[in-house]
Amino acid sequence: MRSDSSGPRVLMRKIRELMAEPLQPQARLDEIVRQIAQNMVAEVCSIYVLRADAVLELYATEGLNPGSVHLAQLKLGEGLVGTIAATARSLNLSEAQKHPAFTFIPGTGEEPFNAFLGVPILRAGRTLGVLDVQNRAKRVYREEEVEALETVAMVVAEMIAAGSLEGLSRPGVVLDLSRPVSFTGIALAEGIGLGHVILHEPRVVVTNLFNEDVGAEITRLEQSLQFLRVSIEDMLSRRDIAAEGEHRAVLEAYRMFAHDRGWVRRLEEAVRNGLTAEAAVEKVQSDMRARMMHMTDPYIRERLHDFDDLANRLLRQLMGRTEIGDGADEPSDAIIVARSMGAAELLDYRRDKIRGLILEEGTATSHVVIVARALGLPVVGQAKGVVSMSENRDAIIVDGTDGGVHLRPTAEVEAVFIEKVQFRAKRQEQYRALRDVPAETRDGVAVNLLMNAGLLVDLPQLVDCGAAGIGLFRTELQFMVASSMPKASEQERLYSAVIDAAGDMPVTFRTLDIGGDKLLPYLHQSPEENPALGYRAIRLALDRPGLMRTQLRALLKAARGRELRIMFPMVTELGELRQARDLIARELTHLTKFGHVMPRQLKLGAMIEVPSLLFQLDELMALVDFVSIGSNDLFQFFSAVDRGNARMAGRFDDLSPPFLSALKTILDAGIRNGVEVGLCGEMAGKPLAAMALMGLGFRSISMTPSAIGPVKAMMIELELEKLEAVMADYMANPRRMGTMRQLLTDFAQAHSIPH
């Protein structure tokens, strides 16, 4: 090749001109390989495209046997080309035949060639094929030649992504970009959704690849990099960002990466090789993503993710895209695919168009998952890699029952899930038929089945699911989905609407459980290492009496002349409860003084979530009218296990005798003191666990609306007296072999109880 860099520059100009010509796809590919061979003084140039069956097929060549096009094939990982595709890394060899992966492809006529340069055809980190050049002479291709070939590979990647190469091969051949992919995540909200992908952060598509003025593009790149660095400095200098902690280290790493000379140099080199600034960012980012997919070290993967995030920010800055999309053009059966998202962002989408949510991150207690569950959407989390593998409008299935995600499913898989959806619909119809059936066991014991709620969209389900009332209304959800602190009048309107919708049915309002892991963007708090154990709920509210008194006043005014039930979360010691009661007394005095109609009846309760309350139950019962066990947090603290940690999710069982004994202790204290004891949380919504709770003696449990049907179907077949005897015998003999869960399963099966 020429001794200067004129070859790559001429090549870029030729490719730019070529892409503007009205050519058929195969003719365009043939001309691309011809131009590369001519301008890089290569005797061979070939394009291989990855098919859905993990085979690389020769789609165009200059220098090899033209009759081998669409016939020559290599498996993924086979030969030099297959190795490049499998590893997403270039190979630059002076004696290709000595490489251990070298394999002859019969019929191509490549035997005489020694020098080999091959680069992966990448898009969003995905390998779509391989582009290579070969020469008889033993030589190593220079860095600018590698850059030039990688740049042309971007052009070919866009052709593949646009679908223009579909149909060039034999009938029935499907390219890898269209192949079905399945992911295994964690089921976070039950249900099945079939629809089409809408990426929450739409991929910025770079359409202008080639620059006209290198100097101008370098300047654009430098200006955008400077803007990026300033924005990171702003984040670091914010007063609400603590000076110490892991979060600080992350931001410092961002600052370091934004100034990384190696990253900037690769961006500048791509621009000098003929790309626009945004195309340069896309090229370098795609290289990074490809490396990410093959990294096993979690620390290195996390650092590469930081680079990926920085590249996205830089790309949006260059393209003038400050927003990530408004959801205005989603399909009518949209399934949102995101790395992560906030609860308010989910509500920006039209509910009538959304069929499900898939997250690369997310746990059962993520705010967005709580809201999605309230909306009745199936959710799968921890579906790693789903974002980069998805394109907007791809067909997709989300299975919130077993955590499966099926992207671009085959007709057979789709048919199976359509049948599942129909079966679920039939079963839901059966549950709806139970709506007006009394919630009683087979031997006539009544149990209050209440529902959890937190938003206005939950209220129609109160009647639809046949709940006896609202056992837990999460008032913090109104704050989580708002962009600013809800005014007292807005809070009052919400609470009044909830009480109106409930009519004669009871509603238990939980005061704000914010702080810790439920940070509000407009309520500045210092980050904490252990947020679940930190500054949250009643701890925060008592330190901000203005916030708590505003909410209490709104609740009291909303309940005018009706019953009001208020419950305080995260109570650790009785002094907190006394302070809260004092605040309510002050608000009652204030409102009465100004002539407001007070609630007909006011009942105060506490959530038992902290194990310390187990040792002051009688004193607690003297201060409240009712208690509700928050099974999620109580089990978390009881077992010393982070319920948001996917690795620990199934390690300990909430049906273990020690935890059930703790629940029975609380229940006995309530009976002894004449105080109503209920339970809310995920445990109540699982038929087998609900059966255990009833066997312990619980007569009031609260759950998600969708769980009421299955739990009622279980209890109307349950002979409670028999179950109580079996459970009492087991609890009295802790050395008995087997688990409580197995005992309950065997009991349910023996008595034909759905569970």
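1. Ala453 stands opposite Phe473 in strand 16. The model under review is predicted. Strand 15 (residues 448-453) and strand 16 pair in the parallel sense, with three bridges between them.

2. With strand 17 (residues 507-510), strand 16 again pairs in the parallel sense over three bridges. In this pairing, Arg474 stands opposite Arg510 of strand 17.

3. On the protein as a whole, the secondary structure comprises 26 helices and 22 strands. Of its 755 residues, 53% count as buried. Among contacts between residues at least 6 apart in sequence, 66% join residues at least 24 apart. The accessible surface comes to about 32500 Å², and carbon and sulfur atoms account for 51% of that area.

4. The salt bridges number 40. One of them joins Arg136 to Glu43, with the closest N and O atoms 2.9 Å apart. This pair links distant parts of the chain, 93 residues apart: Arg136 lies in the loop between strand 6 (126-135) and helix 4 (143-161), and Glu43 in the loop between helix 2 (25-39) and strand 1 (44-50). Arg136 is partly exposed, at a relative accessible area of 44%, and Glu43 is also partly exposed, at 32%.

5. Within helix 7 (residues 261-272), Glu269 and Arg265 are four residues apart, about one turn of the helix. They form a salt bridge whose closest N and O atoms are 2.8 Å apart. Arg265 counts as partly exposed, its relative accessibility being 38%.

6. A further salt bridge brings together the side chains of Arg408 and Asp394, at 2.7 Å from N to O. Arg408 is in the loop between strand 14 (404-407) and helix 13 (411-433), and Asp394 is in the loop between helix 12 (386-389) and strand 13 (395-399), so the pair ties together parts 14 residues apart in sequence.

7. Finally, salt bridges that share partners join Arg51, Asp53 and Glu57 into one network.

Terms used: Residues are numbered from 1 along each chain as its sequence is written. This is a predicted model: local features need pLDDT of at least 70, side-chain atom pairs count only at pLDDT 80 or more; totals for chains, interfaces and linings use all residues. Side-chain values use heavy atoms; hydrogens and water are left out. Two strands pair if DSSP finds at least two bridges between them. Helices (H or I, at least four residues) and strands (E, at least two) are DSSP runs, numbered from the N terminus. Buried means under 20% relative accessible area, exposed over 50%, partly exposed in between (1.4 Å probe, protein chains only). Contact means heavy atoms within 4.5 Å. Accessible areas come from the Shrake-Rupley method with a 1.4 Å probe; for residues, only the protein chains shown count as cover. A salt bridge is a side-chain nitrogen of Lys or Arg within 4 Å of a carboxyl oxygen of Asp or Glu.
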